[in-house]
Amino acid sequence: MAEAATVNLTSADRVLFPEDGITKGELFAYYRAVAPTIVPHLRDRPFTMKRYREGIDKPGFFQKQAPKGMPSWIKTRQFQTFPREGGSRLVDFPLVNDERALLWMVQMHCIDMNAWYSRVDKPHRPDFVLFDLDPPDDVGGFELAIEVARLIRELLEEIGLPGYVKTSGADGIHVVAPITRRSSFEQTYDFAERASRLLERRYPGKVTTEWLKKKRNGVLVDHRQNGWGKTIASVYSVRPKPGAPVSTPLRWDELARGLRPRDFGIDVALRRIEQHGDLFAPVLDDPRPLAPAAKALSALDG
């Protein structure tokens, strides 16, 4: 007899966000509402489960291997991984290809939806370059990150790539440049590193590539996130932070002083989709070749 392709929510009243009283049932309802918009950004990407069984004030844990008992209607794909502790292993990654798979992840206490930059048919060919902005902790840090995001956009425009911006949902900003699936992760890493270091030279004190926090002076533009097997919290993901903020796409004219990433919660995200549609649709629909931009960047870089 075929397995029923349904998701039964249990423990709907379990509070996952203690400061806000937001329950598993409310998280489930959000993802059911946002499914038509978020699933295209997750589809066919190896998915890493990050589970918070006891809520966000208790430690969560990562799970790459599809768990035993996962429904057979959730597809998996196997890839070799290289754990930090050394060696390698084969992992069967789940794929969140439809609403049911998405809701099953919520049932398993996944709060944010973390997927690869590439898809299973071309796992070594990323869909985008990511500029991950980590602002300093001091007062005015996020305002400086807003300024740096705009500087990244200006540089991308200078070399012929569009950039799209979203709140990370935590305390930072993501700028994404969609690319055709012809470039390798080594090429996207090199491109992001050269772009970030060029900005660091152009705008010392505003932009830094320094990894050690105590040595930083400005906003970290982290090119290291562009690597094979890396994951990003998808656009429209709820993040495991007080207030249940959502990684929310913005128009560039909205990225202005006074903006606070924690202002974009579940209700705001759904309302914005209703008003604007998916502002990140071009990330899927309008990729550009990286090679001409990389050549233009090399010319600027001297």
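A search of the whole predicted structure finds two cavities of 30 Å³ or more, a cavity being a set of points, on a 1 Å grid over the protein atoms alone, where a 1.4 Å probe fits but cannot get out. Volumes are the space filled by probe spheres set on the points, with grid points joined across faces, edges and corners. The model is a predicted one, in which local features need pLDDT of at least 70 and side-chain atom pairs count only at pLDDT 80 or more, whereas totals for chains, interfaces and linings use all residues. Residues are numbered from 1 along each chain as its sequence is written, and side-chain values use heavy atoms, with hydrogens and water left out.

The largest cavity has a volume of about 190 Å³, and of the 16 residues that line it, His 41, Phe 128, Ile 232, Ser 234 and Val 235 are the closest to its centre; lining residues have an atom within 4 Å of a point. Helix H1, strands S7 and S13 and helix H6 (281-285) each supply at least two residues of this lining, where helices (H or I, at least four residues) and strands (E, at least two) are DSSP runs numbered from the N terminus. The lining divides into 11 nonpolar, two polar and three charged residues, with Ala, Val, Leu, Ile, Met, Phe, Trp, Tyr, Cys and Pro counted as nonpolar, Asp, Glu, Lys and Arg as charged, and the others, Gly among them, as polar. The second largest cavity, of about 50 Å³, takes the largest share of its lining, four residues, from helix H5 (residues 266-276), and its lining comprises five nonpolar, three polar and one charged residue.

Pockets are open sets of points with protein on both sides within 12 Å along at least five of seven lines. The largest pocket has a volume of about 1400 Å³, and among its 39 lining residues Phe 62, Arg 84, Gln 225, Lys 230 and Thr 231 are the closest to its centre. Strand S8 (128-134) gives the most to the lining of the largest pocket, with four residues, and by class this lining holds 16 nonpolar, nine polar and 14 charged residues. In the second largest pocket, which contains about 200 Å³ of space, the lining has four nonpolar, one polar and seven charged residues, including Asp 134, Lys 213 and Arg 260.

Helix H2 (residues 99-107) is mostly covered, with seven of its nine residues buried, that is, under 20% relative accessible area (1.4 Å probe, protein chains only). Just after H2, His 109 takes a positive phi of about 70°.

How values were computed:
Buried means under 20% relative accessible area, exposed over 50%, partly exposed in between (1.4 Å probe, protein chains only).
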